[in-house]
Every structure is written in C-alpha cells, then in structure tokens.
Amino acid sequence: MSADFETVRQEFHIGLGSVATPGTVKGLFAVHRELGTLPMTVLAEPAIELARGGVVMNAFQAYIFDIVKAIYLAYPDTRKTFGSKTHQGQLLQQGEVLYLPDLADCLEVLAREGEAFFYQGEIVSAVIRLCAERGGHLVGKDFNDYRLVKRKPLSIDYRGATVLTNPAPSSGGTLITFALQLLQAFDLSRHSPSTVPYLDLLAQVQDMTDKARIDAYLDDHTHHPGEHVLDAENGEAYRTYQVLQSSMT
C-alpha cells in the first residue's frame with residue numbers, strides 16, 4: 001500500500017502480518033511508576049473523554065487522512081470507523097466528528113487494571129486469535145517475553161540549551177541532532193524566522209539531513225543510521241556543501 005506525499009510516494013505494509021509486538025503500553029506504565037504522581041485513571045481521563053465524545057477534524061487532520069486514505073479504506077472495520085458520513089469512499093472530512101467509543105472503553109479498563117490487562121488479559125487474547133486467523137505472526141510468547149530497554153538519551157548542547165532526544169536504534173533523534181549540528185554554524189539572529197533567508201536555510205538543512213539519512217542507510221545496510229552520522233568530520237562534510245555555505249548571507 002502506498003501513500004502519495006506529492007513529492008514522493010511512500011510504501012506502507014499493512015495488515016496483521018506487519019504487526020510487531022506492541023511496547024508503548026509497557027513503556028507508559030514504566031514511566032508512570034518512576035515519575036508519575038497522579039493516578040493513571042486521572043491521566044487517561046482527557047483521552048477517554050475525547051474518544052467517547054468525539055473530536056472535530058480540522059483542516060490539517062483531514063489533509064493527512066486524505067494522503068493515507070488507501071490504508072484506512074482497505075478494511076471494512078477501519079472504513080466504518082474512519083469513513084466520511086457525507087463523502088462516499090472518503091475518510092472523515094474537515095468539520096466531521098471522529099468517535100472512538102471502543103477505544104474509550106479500552107483506555108478506561110487499561111487505566112484501572114494496569115498493563116496486565118493488555119499483556120496478559122483480553123487484549124493479548126484477541127490479538128493472538130486474529131493473528132492466527134488472518135496471517136499475523138504474534139503469539140503469546142511475544143507478549144510474555146517483551147522487555148523494556150532503557151537507554152541513555154542522545155544529548156546535544158545547542159545555543160546554551162541541552163537538548164535530549166532518542167538515541168539509536170531510533171533514527172529520529174540522531175537526525176534531529178544532526179540537523180542542530182548543521183545549524184550551529186549559522187548566526188540565526190541575523191534574520192527573523194519569517195524571512196526568506198531563514199526559511200531557506202531551514203529547508204536546506206532538512207535536505208542535507210535527509211541526504212545524510214539516505215547515505216547512512218546505504219552505508220550501513222540498515223534502517224537505523226548509527227550515531228557515527230554525528231561525527232564531527234561527517235557533519236563538516238555536509239555543512240561545506242555549497243548550498244549551505246551560501247546560506248544566510
């Protein structure tokens with residue numbers, strides 16, 4: 001399944017065969033145990049209320065829905081939940097309301113009973129059954145054996161502030177840090193954020209960051225560019241591209 005982002009088409013793998021062991025729930029409860037002060041039932045209230053009471057789709061949400069609509073329209077259940085009530089064959093449009101009552105019920109029980117409800121109770125049973133019926137790969141052992149891995153955040157000192165972000169194997173934090181390293185060399189105070197030179201520099205830095213991502217993938221043969229991307233010599237090689245040298249002048 002592909003999504004059209006106008007300048008590029010991105011391929012997505014959908015269906016139960018593409019599902020990995022979910023870890024977000026375990027991670028959220030671990031963070032809550034270490035840092036939380038309010039009960040999880042209180043923290044979940046806003047999300048539960050929105051899921052049950054509905055969220056009015058704004059223009060940007062409708063735009064994103066349109067880009068990935070082929071994914072949501074691929075199955076009857078998702079068409080029923082996310083399909084437009086006024087535009088046949090389309091997802092919810094701007095101004096329409098998204099209701100997720102089943103999600104609200106699930107969050108309510110999850111907040112009350114804890115992560116065991118997800119990893120040992122009804123949720124895991126339903127996932128295992130669906131995988132067995134529809135070509136998925138997850139079994140009970142995947143849920144039982146899932147473990148959290150705590151990693152030291154990736155840190156960069158940027159213009160007097162310490163920025164902490166995700167370390168490898170997540171690529172996002174590495175690429176954010178790479179972009180900030182490129183920006184360090186420029187005096188951003190010379191132009192306001194709304195001016196053409198300022199925006200042009202940001203666009204070029206993003207372009208160089210994307211190039212670094214692609215180069216790292218090709219070199220490492222992996223979907224996770226390593227933090228060697230952040231080596232000073234590597235960053236200087238991208239920063240000295242003529243397109244960046246001529247920026248902000």
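I started at Cys131, which is buried at a relative accessible area of 2%. I take buried as under 20% relative accessible area, exposed as over 50% and partly exposed as in between, with a 1.4 Å probe and protein chains only. The model is predicted, so I used local features only at pLDDT of at least 70 and side-chain atom pairs only at pLDDT 80 or more, while totals for chains, interfaces and linings use all residues. Residues are numbered from 1 along each chain as its sequence is written, and side-chain values use heavy atoms, with hydrogens and water left out.

**Cys131, continued**

I placed Cys131 in helix H9, residues 122-134. Helices (H or I, at least four residues) and strands (E, at least two) are DSSP runs numbered from the N terminus. Which residues does Cys131 touch, not counting those up to four places away in sequence? I noted Leu16, Gly136, His137 and Leu138, with contact meaning heavy atoms within 4.5 Å. Leu16 is 115 residues away from Cys131 along the chain, and I read 6.1 Å between their C-alpha atoms.

**Whole chain**

I counted 14 helices and six strands. Of the 249 residues, 30% are buried. I took contacts between residues at least 6 apart in sequence and found that 58% of them join residues at least 24 apart. The accessible surface is about 15,800 Å², and carbon and sulfur atoms hold 57% of that. These areas come from the Shrake-Rupley method with a 1.4 Å probe; for residues, only the protein chains shown count as cover.

**Helix H11**

I checked the length of H11, residues 171-183. Its 13 residues should span 18 Å at 1.5 Å a residue, and the end C-alpha atoms are 19 Å apart, which agrees. The expected span is 1.5 Å times one less than the number of residues. I then looked at burial: 10 of the 13 residues are buried, so H11 is largely enclosed by the rest of the structure. Among them are Gly173, Phe178, Leu180 and Leu183.

**Salt bridges**

My rule is a side-chain nitrogen of Lys or Arg within 4 Å of a carboxyl oxygen of Asp or Glu. By this rule I get eight salt bridges.

I looked up Glu34 and Lys150, whose side chains meet at 3.0 Å, N to O. Glu34 is in helix H1 and Lys150 in the loop between helix H10 (140-144) and strand E5 (154-158), so the pair ties together parts 116 residues apart in sequence. Both residues are exposed.

I next took Glu108 and Arg52, which form a salt bridge at 3.6 Å, N to O. Glu108 is in helix H7 (residues 101-113) and Arg52 in helix H3 (residues 45-53), so this pair ties together parts 56 residues apart in sequence. Glu108 is partly exposed at 35% relative accessible area, and Arg52 is partly exposed at 38%.

Asp210 and Arg213 meet at 2.5 Å, N to O. I found both in helix H12 (residues 196-220), three residues apart, about one turn of the helix. Asp210 is partly exposed at 33%, as is Arg213 at 25%.

I also noted a network of salt bridges linking Lys26, Arg33 and Glu115.

**Surface patch**

Which residues form a nonpolar patch on the surface? I listed Leu38, Val42 and Leu43, with about 240 Å² of accessible area together. Patch residues have over 30% relative accessible area and no salt bridge; like charges are joined within 9 Å, nonpolar side chains (Val, Leu, Ile, Met, Phe, Trp, Tyr) within 5 Å. I placed Leu38 in the loop between helix H1 (24-35) and helix H2 (40-43). Leu38 counts as partly exposed at 45% relative accessibility.
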